[in-house]
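Hello,

Here is the structure I promised to pass on. Please open it first, then read my notes below.

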Amino acid sequence: MAAPESDSECLFSLDPYHVSEELGFILPDPLEELPPYYQPWMDIALHVPELVHSHKLRLHINEMPLLSIQFLQKHSELRLAHLALSVMTMGYVWQEGENDTVEKLPHNLAVPYWEVSQRLGLPPILTHADAVLANWKKKDPDGPFDMENLELLVSLPGGDSVRGFFMVTLLVELAAVPALRNIPTVINGVRCGDTEAVATALEEISQSMQDMTDALKLMHDYVDPSVFYGIMRIYLSGWKDNTSMPKGLVYEGVQEEPIEYSGGSAAQSSLLHCFDELLGIKHEETSGEFLTRMRNYMPPAHKQLIQDISLQPSLKGFVQQQASERLNQAFQRCVKKLLALRSYHIKVVSRYITVPAARARQLRNQSRESEQEMISRAPTALEERGTGGSGIMSFLKTVRNQTKDTLLPETGKQK
Ligand code: HEM
């Protein structure tokens with residue numbers, strides 16, 4: 001990609017980073033179909049939940065022809081191909097649950113998947129950029145961008161909760177668009193010492209963060225915790241830091257050694273990475289390493305944006321130098337809103353993972369009858385870990401506390 005500006009005289013802009021004015025990191029108008037040559041892929045990708053349910057997905061994939069990727073030209077074609085091959089891969093690996101995984105992905109899937117991934121700069125596993133950012137369409141093209149009018153292009157086992165999970169996450173991405181749009185205003189304002197412009201932009205970013213938290217609340221209306229924990233989660237899981245697949249996965253025809261990749265997680269969303277860099281929030285040690293690794297699961301242009309924000313003059317330093325009460329408060333409010341978003345997210349994780357995990361443990365220690373319950377059959381390897389492979393609660397609380405550390409010392413006047 002073109003080198004973004006490096007000269008302090010030219011304005012920082014989102015233009016070089018594949019960020020849409022209306023949709024932020026969301027892929028605008030994802031394609032719904034690939035060229036007809038790729039019909040064998042789409043025939044399977046569109047039916048992953050049913051094929052997993054009938055235990056026939058692996059069979060169908062094993063018999064699929066080996067296709068060349070040469071007829072995929074446009075970025076949107078590559079994104080749909082990556083999404084389709086990703087859901088096929090997750091279904092293939094996890095079709096029989098955590099106890100009957102596979103050691104290798106067959107070459108007719110692995111080779112084109114690898115090549116498409118290389119072209120996009122994404123890893124060959126389902127990422128947030130696939131499942132959320134490139135996996136939507138409007139039922140009525142002229143209708144609103146809301147839960148009622150949105151549907152998935154491809155799905156995974158878990159019925160309506162899958163749609164709910166990916167679509168609510170998409171709405172969180174949408175709610176963040178005004179915040180993204182204001183990042184250049186903050187950076188340019190700091191560069192030229194425009195206190196009022198920076199304060200106004202930070203106020204808008206705070207509002208957008210509040211809207212993200214409100215959008216996240218929709219999760220409770222659309223995603224059933226038992227379905228999420230007992231059915232869906234395994235299909236988002238990767239083959240790194242996962243005791244069900246300790247060696248990783250061999251991509252047949254690509255390389256003989258197994259390779260490890262983390263599973264899909266909104267930790268791969270570029271949003272909070274951008275806000276952290278803008279506000280100067282540092283994540284050190286283990287949590288920092290995990291978050292940094294997640295950047296390799298983002299579209300390269302978005303990863304570059306995070307990197308370039310990190311290279312800008314310090315916003316926090318500017319706020320401290322200016323000694324403007326309004327600017328001070330705007331900065332504090334922004335950090336507090338991000339803190340509140342992270343705290344609310346921890347509550348969501350508790351409801352969708354910690355509580356069902358405790359219930360599953362309890363049920364497994366009880367009668368056989370209750371073993372029929374969905375959550376008691378959930379993968380045990382994932383009890384303490386996120387799909388991205390992190391040790392969940394200690395990780396999330398560390399990240400939240402590191403956010404708190406960025407607050408300025410209270411002067412007594414700030415709210
Ligand atoms: C049912 C809903 C959700 C659950 C159960 C959940 C679970 C998790 C877990 C377990 C982690 C730890 C990292 C990992 O191993 O993957 C994580 C991290 C993270 N999640 Fe979620 N998540 C949910 C929804 C969301 C949504 C909608 C967003 C917003 C885009 C989000 C944003 C993040 C971020 C940014 C991180 C990295 C930690 C941080 O920066 O604070 N999550 N999530």
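Predicted model: local features only at pLDDT ≥ 70, side-chain atom pairs only at ≥ 80, totals over all residues.

Along the principal axes, the C-alpha atoms fill a box of roughly 65 × 55 × 45 Å.

Next, the contacts. Take those with a separation of 6 or more: 79% of them join residues 24 or more positions apart.

Then the interior. Of the 415 residues in the chain, 43% are buried. The largest nonpolar core holds 122 residues. Within this core, Ala84, Val87 and Met88 have the most contacts. Helix H4 (residues 75-94) supplies the largest share of the core, 12 residues. What does Ala84 touch, leaving aside residues up to four places away in sequence? Its partners are Trp41, Met42, Ala45 and Val154. As background, nonpolar side chains tend to be buried together in soluble globular proteins.

One annotated position is worth a look. An unreviewed UniProt entry places the feature "binding site" at His345. His345 sits in helix H16 (residues 325-364). Is His345 buried or exposed? His345 counts as buried, because it has 20 C-beta neighbours inside 10 Å, and the cut-off for buried is 20 or more.

Best wishes

Note on methods: Residues numbered from 1 in each chain as written. Core = buried A, V, L, I, M, F, W, Y, C linked by C-beta atoms within 7 Å. Buried ≥ 20, exposed ≤ 12 C-beta atoms within 10 Å, placed from the backbone. Helix = DSSP H or I, 4+ residues; strand = E, 2+ residues; numbered from the N terminus. Contact = placed C-beta atoms within 7 Å. UniProt positions renumbered as here; feature names shortened; annotations may be inferred.
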